[in-house]
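Have the structure open as you read.

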Amino acid sequence: MVQQERPYHHGNLRNEIVRVGLELISEGGTEAVGIRETARRLGVSASAAYRHFESRAELLDAVRDAVLVNVADQLQEALDDHAESDVATRLEAISRAYFQFSIDNPKQFQALAAAFPLAEDWQTAPGRPLRILTSIIDDIEPSVDDALTSSLAAWAIVQGASSLTTLGSLRELPVDEKWKVQQRTTEILLKGLGLR
């Protein structure tokens, strides 16, 4: 009997399950993510996958964290490109990066925006998008009264434009028109923070 070749062999199964979970979200949203389906795609038994994740909810938490890392990496890369720039330029850069993520990864963005609950460490974990945003807001001079609340408001503004143009009533706009919405949203944000 000829054995069928398996796509996964040894290594870190937990990371591979999360990687496939990201693929499943990109294909069909959070509804597509399941332990049995990830195991099937990896060519391992469901019981092997269940050794790493006791439930679908636990797997979704791990996938959410991976999406957050993807977003944070994109934001950090944009920030690194503008490390010596003023606060307004850095905010513009991460706003564009967040918007680009929403366009490039609409299903991951949808899951992040609507389907995933906030992680318990959403305010404090290093590398989280909100931490990156708050680190920039902290640099505003004169300082804002409440950097966390200002960061949440800035996130809500950028999130709104990203959601409308990726998932909402503006999703059918041509991409160049979507970018005009993003640009105007960022201008309003910067004016609201007293940076323009």
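Contact here means heavy atoms within 4.5 Å, and helices (H or I, at least four residues) are DSSP runs numbered from the N terminus. This is a predicted model, in which local features need pLDDT of at least 70, side-chain atom pairs count only at pLDDT 80 or more, and totals for chains, interfaces and linings use all residues. Residues are numbered from 1 along each chain as its sequence is written, and side-chain values use heavy atoms, with hydrogens and water left out.

V18 counts as buried (under 20% relative accessible area, with a 1.4 Å probe and protein chains only), because its relative accessibility is 12%. Leaving aside residues up to four places away in sequence, V18 touches F53, A62, V63 and A66. The C-alpha atoms of V18 and A66 lie 7.4 Å apart, although 48 residues separate the pair in sequence.

Now widen the view to the helix pair. R14, I17, V18, G21, L22 and I25 of helix 1 meet L59, A62, V63, A66, V67 and N70 of helix 4. The angle between helix 1 and helix 4 (residues 56–81) is about 75°, and their axes are 9 Å apart; axes are lines fitted to C-alpha atoms, for helices over the stretch in contact, and angles run from 0 to 180 degrees between N-to-C directions. Helix 1 and helix 4 are therefore roughly perpendicular, a term covering 65 to 115 degrees.

For another arrangement, turn to helix 8 (residues 147–166) and helix 9 (residues 175–192), which pack at about 165° with axes 10 Å apart. That makes helix 8 roughly antiparallel to helix 9, the term for angles over 145 degrees. On the helix 8 side, A154, I157, V158, A161 and T165 meet K178, V181, T185 and L189 of helix 9.

Technical notes: Buried means under 20% relative accessible area, exposed over 50%, partly exposed in between (1.4 Å probe, protein chains only). Helices (H or I, at least four residues) and strands (E, at least two) are DSSP runs, numbered from the N terminus. Angles under 35 degrees count as roughly parallel, over 145 as roughly antiparallel, 65 to 115 as roughly perpendicular and the rest as oblique.
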